[in-house]
Amino acid sequence: MAEDIYGIIGGGPSGIGLAKTFKQNGIPFEVIEQEGDFGGVWNFGTRAGRVYESTHLISSKKNTQFSDYPMPDDYPVYPNHRLFLAYLRDMARHFGLYEHARFGSRVEAVQPEGRRWRVTTTDGVEKRYAGLFVATGLQREPRTPSYPGEFRGTSLHAADYLGADILRGKRVLVVGGGNSGCDIAVDATAVAKTVHHSTRRPYHYMPKFVDGRPTQDWLMDLPRRFADRNELWAHVGEVLKLVGCDPSDYGLPKPDYGVDQSHPIMNSLVLHHIAHGDIVAKPDVRELQGDSVLFADGSRAEVDVIVYATGYRMSCPFLPEGLVTWRGLRPELFAAIFHPDHETLCFVGTRNAAGGFGNVSNASSAMLSAYVHAMERQTPSFRVVREMCRGPGPDLGQDHFLRSDRHDIEVDLWKFIKLLNFLRTKLEG
């Protein structure tokens, strides 16, 4: 019966990782996915998709893959979105997840009924589950800034950007300095008449290779060489200068925060195109003026198309109002996973840690498998963990990061994995 199984809402990477581990641990489950197949944000061209033609991983395959299901040897170091989607679906087939998935079913409403949850979906099905695991991801609702004035050209969010054809022959402005904003600005240089790139603050940039190795692989080995954190990051800064990634060398403002205090911008091509005049860097937008845009430095540019690469917010519109307390862009959860009051309601993939997605997913999924087994037996260790869930949250390294909406969901990779492993050990004890 459905009410004896657990519901996983979302068939993206986090949902796949959790479902895989549940299958390995004999936990009955069903994945509820609104699209016609697994993939989530990697489902190019769908309602859930958040990738565009030129999208590649920004972390290497070694640091992205699941350790118990490596990517194929013939995959490049940074696979494109099609290869990564194929990998996710191959993994789902390998672990037998398709037989546990209900596709084309978007969750409309969730209602607690004691310890269980009644879930209504758009296909007219209503089921009760022993517990719910929300894995709908971080990139749900596009966020678009509001500026004074009016723009007469074409405006779109990066969520609706599929490829550079829409920019062909146009005077383009890309707003937003994250990885997507830089990618789209670089895309535009091949087809657009002019390209301007507006960012609200200075950024640090990284190449995808350092010393012949993927940058994150290189970074993750540095703690073995440097016992002192300040020395380590001073060395990183020196290396980034040598490889041509110091923004001040391109006339860009120097960041007033450390390289380790922000999510990395893994794109040196944007600096290449700025140096060649293909991209004109601009500060924040001050006002929209019909067919032109006024910037904070008083300069102006004529524009036909504005692409807002200004991020997303997590959204769970199917949850009853007031069930979850939100702090900025993130839900208030213990360890970024557990609801403080409902022990059968958990969330996965609510935080971002630079590098190591597969390892984080495996660690969180293994911990949640231990949590389910302990919950079903109501063990003393489970009660201890539940008491922790009602207390202050653990240190996930968030205070170290830049104060911004984007970094409200960022955590320290090693602190997060250490916490997940601690909770798993506690639950299994």
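Predicted model: local features only at pLDDT ≥ 70, side-chain atom pairs only at ≥ 80, totals over all residues.

Colleague: Where is the place of P317?

Modeller: P317 sits in the loop that runs between β22 (312–313) and β23 (326–327).

Colleague: How far apart are P317 and E108, in sequence and in space?

Modeller: In sequence, 209 residues separate P317 and E108. In space, their C-alpha atoms are 7.9 Å apart.

Colleague: Let us step back to the whole protein. How many helices and strands are there?

Modeller: The protein has 10 helices and 25 strands.

Colleague: And what radius of gyration does the protein have, next to that of a compact globule?

Modeller: The radius of gyration is 22 Å, which agrees with the value near 22 Å that a compact globule of 429 residues would have. The C-alpha atoms fill a box of roughly 65 × 55 × 45 Å along the principal axes.

Colleague: How many of the residues count as buried?

Modeller: Of the 429 residues, 55% count as buried. As for contacts between residues at least 6 apart in sequence, 66% of them join residues at least 24 apart.

Colleague: Now to the helices. What describes two packed helices?

Modeller: One gives the angle between their axes and the distance between the axes.

Colleague: At what angle do α1 and α8 pack?

Modeller: Helix α1 (residues 13–24) and helix α8 (residues 357–377) pack at about 50°, and their axes are 9 Å apart. That angle makes α1 oblique to α8. Their crossing is right-handed.

Colleague: Which residues make the contact?

Modeller: From α1 the contact is made by P13, S14, G17, L18, K20, T21 and F22. On the α8 side the residues include F357, S361, N362 and S365. By class, this contact has 7 nonpolar, 7 polar and 1 charged residues.

Colleague: How do the axes of α8 and α10 cross?

Modeller: The axes of α8 and helix α10 (residues 413–428) come within 9 Å and cross at roughly 25°. Angles under 35 degrees count as roughly parallel, and α8 and α10 are therefore roughly parallel to each other. The crossing of α8 and α10 is left-handed.

Colleague: Which residues of α8 and α10 meet?

Modeller: In α8 they include N359, V360, A363 and S364, and in α10 they include L413, F416, I417 and L420. The residues of this contact divide into 13 nonpolar, 3 polar and 2 charged.

Colleague: What about α9 and α10, at what angle do their axes cross?

Modeller: The axes of α9 and α10 cross at roughly 140° and come within 7 Å. That makes α9 oblique to α10. The contact is made by S381, F382, V384, V385 and M388 of α9 together with F422, L423, K426 and L427 of α10. These residues divide into 7 nonpolar, 1 polar and 1 charged.

Colleague: Where do A336 and Q378 lie?

Modeller: A336 lies in the loop between β24 (330–331) and β25 (345–347), while Q378 is in the loop between α8 and α9 (380–389).

Colleague: And is A336 buried or exposed?

Modeller: A336 counts as buried, because its relative accessibility is 4%. Q378, at 35% relative accessibility, counts as partly exposed.

How values were computed:
Residues numbered from 1 in each chain as written. Heavy atoms only, no water. Axes fitted to C-alpha atoms, helices over the stretch in contact; angles between N-to-C directions. Helix = DSSP H or I, 4+ residues; strand = E, 2+ residues; numbered from the N terminus. Parallel < 35°, antiparallel > 145°, perpendicular 65-115°, else oblique. Left-handed = near helix turned anticlockwise from the far one by under 90°. Contact = heavy atoms within 4.5 Å. Nonpolar A, V, L, I, M, F, W, Y, C, P; charged D, E, K, R; others polar. Rg over C-alpha atoms; globule rule 2.2 N^0.38 Å. Buried < 20%, exposed > 50% of the residue type's maximum accessible area, 1.4 Å probe, protein only.
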